[in-house]
Amino acid sequence: MSKIHVTTTVNGDEVEFLADPRESLLDCLRDHLGLTGSKEGCGTGDCGACSVTLDGTLVCSCLVLGVEAEGRRVATIEGMAEGNALHPLQRKFLEHAALQCGFCTPGILVAAKALLEKNPDPTETEVRYWLAGNLCRCTGYDKIIRAVLDAAAEMRQEAA
Amino acid sequence: MAKDELSEFHLVGTRPLRPDGLDKVTGRARYGADVSMPGMLWGAVVRSPHAHARIVRIDASKAEALPGVKAVVTRADFPEGLTGENWNLQENTMAGERALYDGHAVAAVAATSALRAQEAARLIEVEYEVLPHVIDVDDAIRPDAPVIREGAADATVPEGSPPNVARYIEFGHGDTEAGFAKADLVRARSYKTEATHQGYIEPHACLGQLGADGKGEMWVCTQGQWFIRQMCSSVLGLEAAQLRVTPSEIGGGFGGKTTIFMEPLSLALSRKAGGRPVKIVMTRSEVLRATGPTASASMDVKIGMTKDGMITAADAEFRMQGGAFPGAPVDMALYCAFAPYKLPASRHVGYDVLANRPKCAAYRAPGSPMGAFAVESLIDEMCRELGLDPLDVRLKNAVKEGDRASYGPTFGSIGLVETLEAVKSHPNLELPLGPNQGRGIASGYWFNHSGETSVSLAISEDGTVQVSVGTPDIGGSRASIALMTAETLGIAYEDVRVNVVETGALGVNEPTHGSRATFASGKAAVIAARRAIAEMCRRAAAEWGIDAEAVEWANGAAQPAGPNAGKFPPMGIEEIAAKMGSTGGPISGHHESVPEGVGASFGCHVVDVEVDPETGRTTILRYLVVQDAGRAIHPSYVEGQFQGGAAQGIGWALNEAYVYGQDGRLQNAVFLDYRVPVASDLPMIDTQIVEVPNPGHPFGVRGVGETGITPPLPAIANAIEAAAGVRMRSLPMSPPKVLAAIKAAREG
Amino acid sequence: MVTVNLWSSLERFTGGQTAVEIEAETVAGVLDGLKAAYPGLAPILDTGVSVVIDGEVATGRHASVADAGEVFLMQRMKGG
């Protein structure tokens, strides 16, 4: 099967790759662009470990074809910090010990960032339902939810 | 002065950021599937669609003709003549004469891309002769059940036992009949638990390379790189030292990554493909169909109790299937089931039964959750019948130091009573409950484990310290080991770097399992640090021209031990390190042992639930974990273990189960259908760390990883009875089952 | 002499005894002594067992049982 040339923007950088039309965006990010921060936990859109945003919309990159990224803007975990300055969510995840194995962490951070951009002051229940598509098997979610709420509070304070 | 003689610590018990945290929040941390190599091929595995079938013929000619396909392997590529568990591992890695479960590997292929490998796998033709199969443990133990493997029974199995019984155990003490005769209430009940999966979010992944010279390397997500080395070497007939295994960061394990699955296939494919490295990444469906679920269990329990709540005797018969191979943790289940209770008389019987399911792997406190589900449920039911407080009854019968354990030996220092007292005074117990709401409590136990441990510590030129450990960091153990090392050396936490190293860098280490990493690697790191301290004291003594015995170590520096030793200002670790090249060479400390003094951990959980009488759905309103940690080195990660264990137990109790069709195929091999708890299923999980220090560890550590998965199963069953008046004796307690029980009770 | 407590289903190899006296100084001596006295136990002991001395799982074959208050044989312990 011949490959398709794709030009897209990832974390602000224009990139090109050749995609087999059967490959997912996740495959392309990981295997063609070397962006292995997004993870495959299921390949069926159930676990959220591959969460990225596509033109600002939160998606499971395992359910998007690589060729669909043509001309779009993709944002992944690798673009979340600005240089060495961590996003408040990343900092709060460290402070709250909100990760154990860390495998679900990139997807949860990307998903939580998308939440806070839509809703800067979510309730605990809103955070829980927003993140219900991101499985974590280690933490029982407690410290993750606390970290997201704490990051939201800090970001509101900074914005004020 | 040894730090364990101090009552106050500088670092132990604090909550610094974990050293590997930055990599893990930025996506830089490299897990099993994240590494590629020059010349790399991709592997794919052909798996049996049948629960039980004879393999008549494998024809790979079409696959081999596909451009880009570099190697195909079947069982014919593995050495013959293995015995015991090595044979089991080899047979599970790649089926021989018969496929023994849905998902059993029968062939594997390597090609130049992942898609090409998958295409090739589909072109491998396997002809099967389907055989009768058996899935349920109670069916599998019948005398007329389809026989999984002739001659699988070991020497423990009495003659005349049913053909699928692979192991048998019986133990006990005292006169149970006399005990039951003394009881005011005797109740006997039967319970069932379904198989569940560890459910780590990272699927198994490895990148293996093996040359014709027998030298190889592997990058792999595993709980134990030496186990991978030993098992791959055994299965493939390699020399262990010729295989270097490097552990990736690991995306969860919970016991399921303490063994091999497709790892030998990547090596076998690589060797056949001229030594090119081969990467194999499992799909989620492969993980669920072919990697370690836990056992399923069918259990009969009988307990005698006086009207004031004293247990007089107990009898348990457990039957467990752990797939098509021996190894269901029926012994551990029996050992743990009554561990929180002082029993005047007991009898325990266990059967390890074969069935056409994947080979079970360890899952967090293997066996303990099933046994607790049966025993803790029945104790609660009897307390209810006798009008007794279930917590008081647990306190009344609680084992203490010096008591005989239900499984025989005498307990050393344990913290069950302290744990139960902490529960009793917890404010959650005073909170009011509404209609359709109920509260349940249950205890849990895990022995904890030590195991082969090797740690090496080296002082750098600037006085900072590196520690090489062999136990992969699954949940913050780098942080806890760095804290203990820095505490021992009297230096800053940030000045210690803990590295999880490959098999070529240390002696043999058992995996991070059995709740052992912080206990065993931590204890070894402390001893290694003390050895480095002794050497640093010798270097300082030589500089000062005094006896080494006249030097002691305090606050990160050597100093004269007293006025008679002479007057010298303290010589700090930086100064000693800077000079070490000219004072005798590198300074390091090592420790290799099977550390003694592992401390057991008891826990007690309290759960409040609401049961919807119209749907049977159970909502967890509130959850409390109280557990003895001995000493919490990094309390956040201890809490994390408590919370994570509870969440897995909640999933096991309410939703998770392997669902098989009549054809013996697994029907829910995706996360959509194998329903692990999601964020919206759970409340915050309250924790209270009890600290009854373990005398066997320099800082008092007890492993905390496993006990927490045990109490949720019975605690939730007990809460459901309190909320809805129905007693659930089989898992999962899913809405349809609870609703059916509610309807039956209404009609009853 | 040390008294070794066995799990009870092993009694069919020991003439009905669940506690047997073995002349031994170490864990290795216990295991070898058991095999010599009761050959039927050999395959079970060779598969791997845990020897628990005064409530502690012995960490090696050379661990002393000379001063042991109690010695129990258990199925091999491991963890997840």
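How far apart do the C-alpha centres of domain 1 and domain 3 of chain B lie? In this predicted model, local features need pLDDT of at least 70 and side-chain atom pairs count only at pLDDT 80 or more, while totals for chains, interfaces and linings use all residues. Residues are numbered from 1 along each chain as its sequence is written, and chains are lettered from A and ligands numbered from 1 in the order in which they are written.

The two centres are 37 Å apart. Chain B is divided into domain 1 (3-29 + 450-593), domain 2 (33-132 + 207-277) and domain 3 (412-448 + 599-747), with bounds from an automatic or database domain assignment. Domain 1 and domain 3 of chain B each bring 19 residues to their contact, where contact requires C-beta atoms, placed from the backbone, to lie within 7 Å. On the domain 1 side, α14 (477-489) and α15 (517-544) of chain B give two or more residues, and α15(B) gives the most, with 5 residues. Helices here are DSSP runs (H or I, at least four residues), and strands are E runs of at least two, numbered from the N terminus.

Chain B also meets chain C, in a contact that takes 33 residues from chain B and 22 residues from chain C. On the chain C side, α2 (42-47) and β5 (71-75) each supply at least two residues.

Turning to chain A, the contact of helices α2(A) and α5(A) includes P88(A) and F93(A) from α2(A), and A147(A) and M155(A) from α5(A), among others.

Technical notes. Two residues are in contact if their C-beta atoms, placed from the backbone, lie within 7 Å.
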